[in-house]
Amino acid sequence: MLTSLWFYLGMATDRRASWLKGVLDLLVLGCLTDGESYGYEIARRLDGAGLGQIRGGTLYPVLNRLETAGLVAAEYRAAERGPGRRYYRLTPEGERQLAEQTAAWDEFHATTRAVLAGAPTTATKGTRE
Amino acid sequence: MTTGTDDRYLTELAELLRAERMPEDRIEAVVGELIDHLDATGVRAEDEFGPLAEFAASLTGGPGVVPTDGGGPAEDAEEWRWVADYDSDLAVLDRYGRQGWEVRELDRLGRFVARRDRGAAMAWEYRREVVSRRRREERTALLAPEGWEPCGSWRFVTYYKRPLAASLGPDAALPDPPAGPRDRTFLSRGNRIGMVVGAVSLVVLPFLLWFAGDDPGVWIGGAVGGVIGGVAAVVGVRRSLRRGSGERPATEPELSPPGSDPA
């Protein structure tokens, strides 16, 4: 009964999810350029930017990977009330990776936009085989 | 047939879809399918499809809750459905949350639907709140800054989850989680006894009343016993809910304690 609706719904959400999945680590790094932050604040910032709610089950594995890779450093601070928070900040390596990957994303985005607009394109470093 | 509340939900949904520039014929088809579905199942629109804004966003691909896991479980994901009473639920959630089981929802039968990706398991913690449906969103907003997300509601009880990674970081990952549990039902000793007594009473009572005939003493005794049993059940549930709901003292972490700056 709802087959076509769910199909339509699934296509829209899957595509958006795939886009976000490919760039979420970069977005999280980008949220730390102004200084340290914590999980809820990062998720809220991404939501506020129009990217939708990022659940903890999605966000924390990304933060863990970034921390293990040395791109962010974390510090747990106990709070007077509540469970305390784990604060994240960019490391110098994280800053370098962010700059490099942001440039790569910009290049990819420009190429994609040009193709979608039907304009002639020249192959770029990120898209040439 | 849809109710007035459903009509309002569907009308506002159509307006939101229109605002997102969905074609008019598409809106008509979508709303038509939803009405057919509600008529066929008899469920309420908001119960079935969730909060209006999020549902509209999911239909238009706009921002909502983004399923960045691709919308489906990983290939090696396990699913486990189980049921527990209010005396046992938090202990089970604590135990298996630390084994990587993430509760996604409570199904229509009130069972916890938990999932775990063995290849990427991480520990979870849970809490239970007694809150009316009307105040649920308010409570959720209050708990969100602490990292709690709702993961299921059953009448006036809402469960919340939080990844332990929020405090433990990578130490909350479970590279080699234990085998999945076999149990599906968790009841306290008191409730098991209560259920047996209730079942026996249901079987025996009709015979007693049949043989008692017109003896008013047996009828009155049965009625009084029923009322006392009902009151005891209500008092027991209230006491169980009071015992563990809301903020709880920190439990034994079983994992590495929150470390200081690893850098």
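The largest nonpolar core in this predicted model has 52 residues, a core being a set of buried Ala, Val, Leu, Ile, Met, Phe, Trp, Tyr and Cys residues joined through side-chain atoms within 4.5 Å; buried here means under 20% relative accessible area, exposed over 50%, and partly exposed in between (1.4 Å probe, protein chains only). Those with the most contacts inside this core are Val28(A), Ile42(A), Trp80(B), Trp82(B), Leu93(B) and Tyr159(B). A second, separate core holds 18 residues, including Leu13(B) and Phe49(B).

Residues are numbered from 1 along each chain as its sequence is written, and chains are lettered from A in the order in which they are written. Local features need pLDDT of at least 70, side-chain atom pairs count only at pLDDT 80 or more, totals for chains, interfaces and linings use all residues, and side-chain values use heavy atoms, with hydrogens and water left out.

Then there is Asp87(B), sitting in the loop between strand 1 (77-84) and helix 5 (89-97) of chain B. With 33% relative accessibility, Asp87(B) counts as partly exposed. Leaving aside neighbours within four places in sequence, Asp87(B) is in contact (heavy atoms within 4.5 Å) with Ser188(B), Asn191(B), Ser240(B) and Arg243(B). Asp87(B) and Gly244(B) lie 157 residues apart in sequence, yet their C-alpha atoms are 8.3 Å apart in space.

Key
Helix = DSSP H or I, 4+ residues; strand = E, 2+ residues; numbered from the N terminus.
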